[in-house]
Amino acid sequence: MIKVKNLEKKYFIGTPNELHVLNNINLQIEDGEFVALVGASGSGKSTFMNIVGALDTPTSGEYMLDNQSVHKMTQNELSDIRGKKIGFVFQSFNLIARSNSLKNVELPMLYTGVSGRERSRRARALLELVGMEDRMHHLPNELSGGQKQRVAIARSLANDPSIVLADEPTGALDTKTGKMVMDIFLQVHREKKKTIILITHSLELAEMTQRIITISDGSIVSDVPVFHSLRTEETRC
Amino acid sequence: MFYMENIRLAFESLRANKMRALLTMLGIIIGIASVIGIISVGNSLSLSITSEMKNIGTNNILLRVREKSIDNSSFRGPVGNGRDPMSMLSGKVSAEDKDLMTLDMLSTFTELYKSQVDSIGISESDGSGQVKAGRLYANVSISGVNPGYVRVNNLAMISGRFINDRDMSGRKKVCIVSDRLVKNIFKANINPVGQEVRLYKSGAIQTYSIAGVYKHTDSPMFMSASTTSEKDTQTAFYIPITVEKLDKTIKNFSTVTVMSNTGIDTGKLTKDIERFFEKYYKSNPKWEVSAINMSSQIEIASKMLSTVSTAIAVIAAISLLVGGIGVMNIMLVSVTERTREIGTRKALGAKNFHIRMQFISEAMIISLIGGVIGLFTGLLLGVTGSSLLGTAASFSLPTIFLTIAFSMAIGIFFGYYPANKAAKLDPIDALRYE
């Protein structure tokens with residue numbers, strides 16, 4: 001469960017010009033929720049994602065993840081949180097170019113000390129989940145964009161995190177492939193019961209989630225649930 | 001497990017940039033190869049010099065009559081009087097007979113230091129000649145020696161005996177010849193001992209009877225320098241020194257070798273000898289006897305050689321430094337190139353430690369591979385160099401291990417800064433890097 005209280009992020013670019021990127025954010029996301037985060041470029045949604053993803057720390061305020069005070073953590077503890085609790089999916093995939101799909105999926109487990117055999121077993125299962133079992137030994141440059149993103153999704157699930165953070169995962173893909181990737185997120189949400197936070201520009205994709213949070217100028221301007229059970233059924237078919 | 005994975009990653013990234021990795025390694029290869037090559041050539045050189053000098057004998061003390069230096073405080077080199085070392089080596093002392101050491105002096109000395117002295121060797125070179133038997137011949141260098149010479153010079157007798165006191169006092173025309181001479185002149189089934197040979201020397205012919213045969217050993221150092229065939233090689237032809245002195249105006253000796261008993265402090269004995277001869281030479285205005293300790297000579301020679309080879313190796317090590325800087329340079333490039341990858345790894349849970357280890361491993365693998373290739377290249381250089389110098393190649397296992405450890409250390413040392421730079425990257429900045 002994500003609990004954010006009075007979260008602020010400022011950049012000091014010399015007094016008196018403090019740059020307020022995030023202002024007084026209060027938010028709670030329950031386990032298993034599928035949330036879309038929308039907002040214009042420069043609205044602060046990426047900064048917010050970085051803080052939720054334990055890549056960045058807030059200037060003030062609290063961020064509790066599964067009752068752990070992430071805002072008080074040291075660099076090493078943040079690394080631990082990233083490795084164990086959070087799975088990242090990036091717009092530009094960020095697969096390791098020299099490693100094949102299997103090794104890419106194994107990577108996060110390397111940093112949490114999972115044994116070699118277990119790494120391989122879990123990576124295979126996850127690649128199967130995203131339908132990439134026949135591309136296990138391919139290098140990223142031998143894969144299409146959609147395939148790369150599927151490997152990236154498998155990788156984000158490697159350490160069985162509680163949250164998957166996806167920063168415009170379909171941004172670099174055409175609409176059709178984007179839909180396919182989105183379907184995988186829905187499947188992961190359904191089967192793995194993960195909390196998924198999806199940053200997107202596409203309202204269409206946002207409406208496939210359960211809740212849409214809109215950020216503008218560093219503040220949450222709207223936070224609405226989506227009633228779309230029919231729509232998800234549609235895309236699945 | 002994590003370390004194994006790092007090694008695998010390192011190889012993966014080297015494979016991705018083969019040419020670059022090879023060029024980077026080249027610096028290390030050249031550095032290590034030259035250091036190893038120089039050290040092994042230096043080693044084998046000093047080994048052969050030491051063994052050569054050991055043949056002369058570590059217990060030996062060399063006595064020479066030399067000119068008193070006018071200024072006593074002037075530099076005295078290890079060779080002797082610090083003036084012209086060549087004149088000392090060739091033993092050309094133009095002193096008169098009265099200035100030289102007499103048999104009397106030597107026997108008094110032996111009597112006095114009986115417990116410490118094993119034997120005294122005297123030899124006077126009498127030029128070279130040819131021993132002929134029919135159409136067969138052998139080249140020889142003639143030396144007049146005393147009975148103690150055999151022990152002092154560690155000659156190995158194969159058959160017969162060496163020159164003895166009776167030969168000396170009776171001025172008998174006997175000789176001790178080398179096995180090589182025997183091989184050149186006699187048929188295999190003839191026992192050379194007791195045979196007579198004719199010695200041709202500057203037009204004169206003398207007949208000697210062979211009393212014994214010694215085993216000739218080539219000195220490996222100087223053999224390569226001589227161009228004569230094995231058949232024509234000069235071997236020593238020993239005759240009693242009393243016989244050699246018969247037709248000479250100078251009857252006394254300018255050089256004498258004293259062999260001390262084992263376990264004797266040769267340094268102290270050397271001083272005692274000088275003090276002993278001082279008595280005789282106190283009133284001599286021009287000449288004195290100097291004593292040189294062979295073991296200290298060996299030490300000085302091998303120390304000098306190892307100093308020289310270490311100095312050259314240090315110079316060669318500069319190329320290692322350059323190689324190390326090359327590794328550092330390429331690692332910095334690699335870190336910059338892989339900024340996004342580093343960001344990704346950090347986002348996926350890699351700690352600074354993991355990133356640092358990954359890059360240090362890579363630098364270490366580069367320099368380790370370079371080091372191993374360089375090691376073998378260097379050994380090859382050492383073998384080639386040693387054989388060119390005519391010495392046996394010598395390698396020390398510690399040097400090899402040290403090299404491998406050292407090349408790993410280079411990797412760690414020069415890899416640390418780039419690796420640390422990578423480890424300290426901010427994950428957000430790194431992920432945003434284009």
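Predicted model: local features only at pLDDT ≥ 70, side-chain atom pairs only at ≥ 80, totals over all residues.
Chain A contains an open sheet of six strands. The strand order is E6-E7-E8-E3-E9-E10, and the pairing is mixed. Strand E6 (86-89) and strand E10 (219-225) of chain A form the edges, each pairing on one side only. From one strand to the next, the twist averages 20°.

Strand E3 (residues 34-38) and strand E9 (residues 211-216) of chain A run in the parallel sense. Four bridges join E3 and E9. Within this pair, A:Leu37 has A:Ile213 of E9(A) as its bridge partner. On the other hand, E9(A) and E10(A) pair in the antiparallel sense, over six bridges. Here A:Ile215 stands opposite A:Ile220, a residue of E10(A). E9(A) and E10(A) form a hairpin with two residues between the strands. In that hairpin, A:Asp217 takes a positive phi near 50°. In a regular strand, side chains alternate between the two faces of the sheet.

Helix H6 (residues 175-192) of chain A lies across E3, strand E7 (163-167) and strand E8 (195-199) of chain A. The angle between H6 and E8(A) is about 160°.

Helix H3 (101-111) of chain A is mostly covered, with 11 of its 11 residues buried. Among the buried residues are A:Lys103, A:Asn104, A:Leu107, A:Pro108 and A:Tyr111. The cover comes from both chains. In chain A it includes H2, H4 and helix H5 (145-156). In chain B it includes helix H1 (2-16) and helix H13 (352-389). After H3(A) comes A:Gly113, whose phi is positive, near 80°.

One partner of H3(A) is helix H4 (residues 116-129) of chain A. The two helices pack at an angle of about 125°, and their axes are 9 Å apart. H3(A) is therefore oblique to H4(A). The crossing of H3(A) and H4(A) is right-handed. From H3(A), the contact involves A:Ser101, A:Leu102, A:Val105, A:Glu106, A:Met109 and A:Leu110. These residues meet A:Arg119, A:Ser120, A:Arg122, A:Ala123, A:Leu126 and A:Leu127 in H4(A). By class, the residues of this helix contact divide into seven nonpolar, two polar and three charged.

The contact between the chains involves 21 residues of chain A and 18 residues of chain B. Helix H2 (75-85) and H3 of chain A each supply at least two residues of the side of chain A that touches chain B. The largest share of that side comes from H2(A), with six residues. The side of chain A that touches chain B has seven nonpolar, 10 polar and four charged residues.

Chain B has 15 helices and 10 strands. Chain B has 434 residues, of which 39% count as buried. Among contacts in chain B with a separation of 6 or more, 82% are between residues 24 or more positions apart.

Key:
Residues numbered from 1 in each chain as written. Chains lettered and ligands numbered in written order. Pairing = 2+ DSSP bridges. Axes fitted to C-alpha atoms, helices over the stretch in contact; angles between N-to-C directions. Contact = placed C-beta atoms within 7 Å. Nonpolar A, V, L, I, M, F, W, Y, C, P; charged D, E, K, R; others polar. Parallel < 35°, antiparallel > 145°, perpendicular 65-115°, else oblique. Left-handed = near helix turned anticlockwise from the far one by under 90°. Buried ≥ 20, exposed ≤ 12 C-beta atoms within 10 Å, placed from the backbone.
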